[in-house]
Amino acid sequence: MAKTPASAKKQRSISAFFTPQKPATTKLPSPPQSRPPEESTPVKRKLTQFSHTANGNSTAPPSPKRPRSNSSLSSSSSSKAPEKSLPKQSKTKLTPLEKQFVELKRAHPDKILAIQVGYKFKFFGNDAVVASHLLNIMLIRGNLELDERTHDRFAYCSIPDNRLHVHLQRLLNHGMKVGVVKQTETAAIKSVESKSGLFERKITGVYTKATYMGDEMLTGDPAINRSNQVDESGNNNAYIIAIHEGDARNTAIVAVQPFTGDIIYDVFTDNNTKDELETRLAYLMPSEVILIHAASSVNHETQKIVKIRNPSALIEYRVQRKQSEVSAGLEQFFKSTKSSAHLSEYYQLNYNAAVCQCVNELISYLEEFQLSNVFTIPSNISSFTDSRKYMLLPANTLRALDIFEVEDNPSSRTGTLAWLLNRTKTKNGARLLHKWIYRPLVEKHDIEERLEAVDTLRKGNYVHMIDVLKSTISKVGKENVDLDRSLIKVHYSAEYKNDKIARKDVYLMLRGFSDILEVFSKFGGKGLAEFKACSSSSYLQDLFEEMFKLSQESVVEDLLRQVNSAAAMDENNVSDQRIKFFNLNDEKFDNILHEQEQIAMVESALDQELASIRAYLKRPQLKFVTNLKDTHLIEVRNGKNVDALPPDWIKISGTKSVSRFRTPEVAKLHKELSYHNEMLQRACDESFNSFLKEIDSHYEYLHSVVSKVSIFDCLLSLAEVGADDQTYTKPNLVEKQVIDIEDGYHPILYAMAQESVYVPNDVTLARNGNRVLIITGPNMGGKSSYVKQVALLVIMTQIGAFIPCKSATLGVFDSVYIRMGASDNILRGKSTFMVEMTESANIINSFTSKSLVILDEIGRGTGTSDGIALADSILRYIIESDEKPVTLFITHYPSLHVLEREFDNVKNYHMAFVETNRGPDHQNEWPEVVFLYKLVQGVVSNSYGLNVAKLAGIPLDVIKRAHEMSEAMKREVELKNWINVLHNMNGHAAEALSSLVHSI
């Protein structure tokens, strides 16, 4: 095609535009005064800050960039002399984006807003200050308050969209509540549908630490490989709890674990110090708390306990509602969810009014997080306490025995009972074991059933089916597949159409279910029969039979058949994964096929247009090129080739050597292609959501599989504890309250002892025999370790674990109460002695005939006389009570040994030691003590505290002085005793005095 006059004229104009002009000789004005250092941050310059001459030369120093046309600027500005620069004027009119931000922020003042702007997420105003500080990113200064107009724009900071997931987790870990605002329409759809104006934006997700589930991992460029991204939220098992204290007699709680869908409720009577509530908080460790209170006041003691248990917990306050309002709220919510309208009546019939109020407030709270439909799964609800089935360990017992955390180092799990027992392969198994540990069984039959199952697995007399099942569960765990968590994320995503679960995770979850069920479908009835022939555990037999029945259903295989496994595992390009995720041989995917046909038609038209362009340019090998994200570009070398192009060709981009164009037809087809690609993505998302709903419709079936796999995983874990150690023994259970252990070890210290030798001890306690042991002995002699050993062995037995000892016969206890240690509680206004007495009072008021009571050094926090009096009175009360609990009583008051003479079932014991003499040259110095760590009968009057002082590093001069004072005090006490004896002499004084002299 020949070059037209019009195109030649256009090219001359373009050339003239880019031709550099000579700078004018006009004298330049003095440069503006430099800004203060604090204003050196990037700012947007206004054109009014510059003056231009008539020939296009700026009065400012020439820019290194090529000059641009100034025809739009007024030439009159050049005739005026440069004026002194005016102060910077504030912007009075907000941009459309700023207006959008203000509207969103006014509607959501309690959140940090991350707003999508192109390929970034921006924080504005005060949100930007917080985000820049916590994320350590640059802050661009500007207005902070919504009504502030001192700067041209709002302060802001920004992050790349594909890094939102990482930065979001950092903000949430600092206790922030973040709202993510996204563009809900794309440029392609906006242009085809002839929409104008600003992109529509709205909050698509609200998150806190307890509610974020990795939802934003896929946000950003879909072409980025995210296979190495880590979702740290998977380690978060925090609860959100509602506490109702409207009733002065009873407290109700409902706790939700969003990551698993677990719901726990309880109603209990509490004391003024809220010890029962503290016990529940110690188990659940909530990160967010809703306090429901009467309109008059909030219970400050409850607030203190929540903050003490978790200082970073977010607390919201709700006023107690009328019962009619609660009923209306429940009905409105459940009617809004499909097929769940009947659940309103279910909750109100099965739970009391306080529990329903907690449920209603949690539903309201979770709605903005799109998690409230967790209450549509009533099978996930369980009671925190059930005295007929489980033992509830008080908070003091958890703390004293290091059940879940080490008291001296709460962040450490090593050295806890949970650390010792947890050998689980799966995350769902680990969570169930946690429940087993904090709720030991109290029914003898249930304990024996679990012990028998563990014994069967320890013996290793497996059939091939069990070996395959073990390896399959290990494989699921190694692939980091959390069946419980994935299943509840499907439930949320199906209802709210959000991105809580990725396609790869859905596929891995289904494959995990398939692998587990395949073990039972493959071995079938023959495998079960083989197992029954070599196993006496009815518990395991019933478990496997139920799994076999579940494996006969084709639910999982039907779901997996719809998925393209290769595409599901490929995360190199998320867009491709979305398009290719399904096997499109089903009519339910017709919408995807329709859009693919439309794309094929447009691509065919583009190919035809490319053939025309090849013929026109006489370049038969010409292909469309892609530059950055611009596709379907025609690349032409600059110069005469560009000059010869038709004037209606649209220039898209270029370099010094080439320019890139689209013809009008290519531009039109490109727009259509972009539109249909967007519509294809939407069609894929719609089909994926329908697929999630199909999975969710089988929630109960799949959750049943998870439950049974978790039970088997926990049994395997208990079987592996001490599996290679012959010291571990299966305890024998009896109906009486007995603890008869031969050569027992402290289970945690024994596991951590490694090469050192741990001294075993016998335990002989019985309600009708040695019911109360008074234990004395030197400091650091092992008294506390001994009583902790007894408590831990009892708890391990009732969990269903083997225990480290030569033999063991135990009764079943309904509670373990421990009062141990010395610490104040300043935050709750309690001194050391007040804490000691409060804990003692709780034990005295709570123990039963089946309790194990352990008291350590009662009376230590006050004066000697008061301490001895209290210790004696409390111990006498326990001994004489009708309940007669089995008791271990540690004391440094040897005068209590007289109780052994008064009561047949009280015995004195002490931790053995050897006192060594330093020799004739050191007769006046304190004796050295060698601890034997063995419990023996008898009482010891000396605590040998000076030896501990030496071990602690107290200077020898100080210890010598203490020894001298100790000896002087002993002599003084002995002298007073002699005087009292002489004072009480009767008529036979001579004979008594004579015998006294002879004894001296």
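**Strand 9.** I looked up the burial of strand 9 (residues 288-293) in this predicted model. Six of its six residues are buried, so the strand is largely enclosed by the rest of the structure. Buried here means under 20% relative accessible area, with a 1.4 Å probe and protein chains only. Strands are DSSP runs of E of at least two residues, and helices are runs of H or I of at least four, numbered from the N terminus.

I then checked its two faces. Glu288, Ile290 and Ile292 are buried on one side, and Val289, Leu291 and His293 are buried on the other. In a regular strand the side chains alternate between the two faces of the sheet.

**Conventions.** I note that residues are numbered from 1 along each chain as its sequence is written, and that side-chain values use heavy atoms, without hydrogens and water. As the model is predicted, local features need pLDDT of at least 70 and side-chain atom pairs count only at pLDDT 80 or more, while totals for chains, interfaces and linings use all residues.

**Partners of strand 9.** I looked for paired strands, where pairing requires at least two DSSP bridges between them. Strand 6 (residues 240-244) pairs with strand 9 in the parallel sense over five bridges, and Ile241 stands opposite Val289. Strand 10 (residues 314-319) also pairs with strand 9 in the parallel sense, over six bridges; there Val289 stands opposite Ile315.

**Cores.** I searched for nonpolar cores, which are sets of buried Ala, Val, Leu, Ile, Met, Phe, Trp, Tyr and Cys residues joined through side-chain atoms within 4.5 Å. The largest has 197 residues, and Phe375, Leu417 and Phe544 have the most contacts inside it. Helix 17 (residues 503-533) gives the most to this core, with 13 residues. I listed contacts of Leu417 (heavy atoms within 4.5 Å), leaving aside neighbours within four places in sequence; they include Asp402, Ile437, Ile748 and Met796. Another core, of 20 residues, lies apart from it and has Val772 and Phe889 among its members.

I traced an open sheet with the order 23-24-25-20-26-27 and mixed pairing. Strand 23 (815-819) and strand 27 (928-937) stand at the edges with a single partner strand each, so one side of each is left without a neighbour in the sheet. Within the sheet, strand 20 (residues 772-776) and strand 26 (residues 906-916) run parallel and are joined by five bridges. Leu773 stands opposite Lys907 in strand 26.

Definitions and conventions: Buried < 20%, exposed > 50% of the residue type's maximum accessible area, 1.4 Å probe, protein only.
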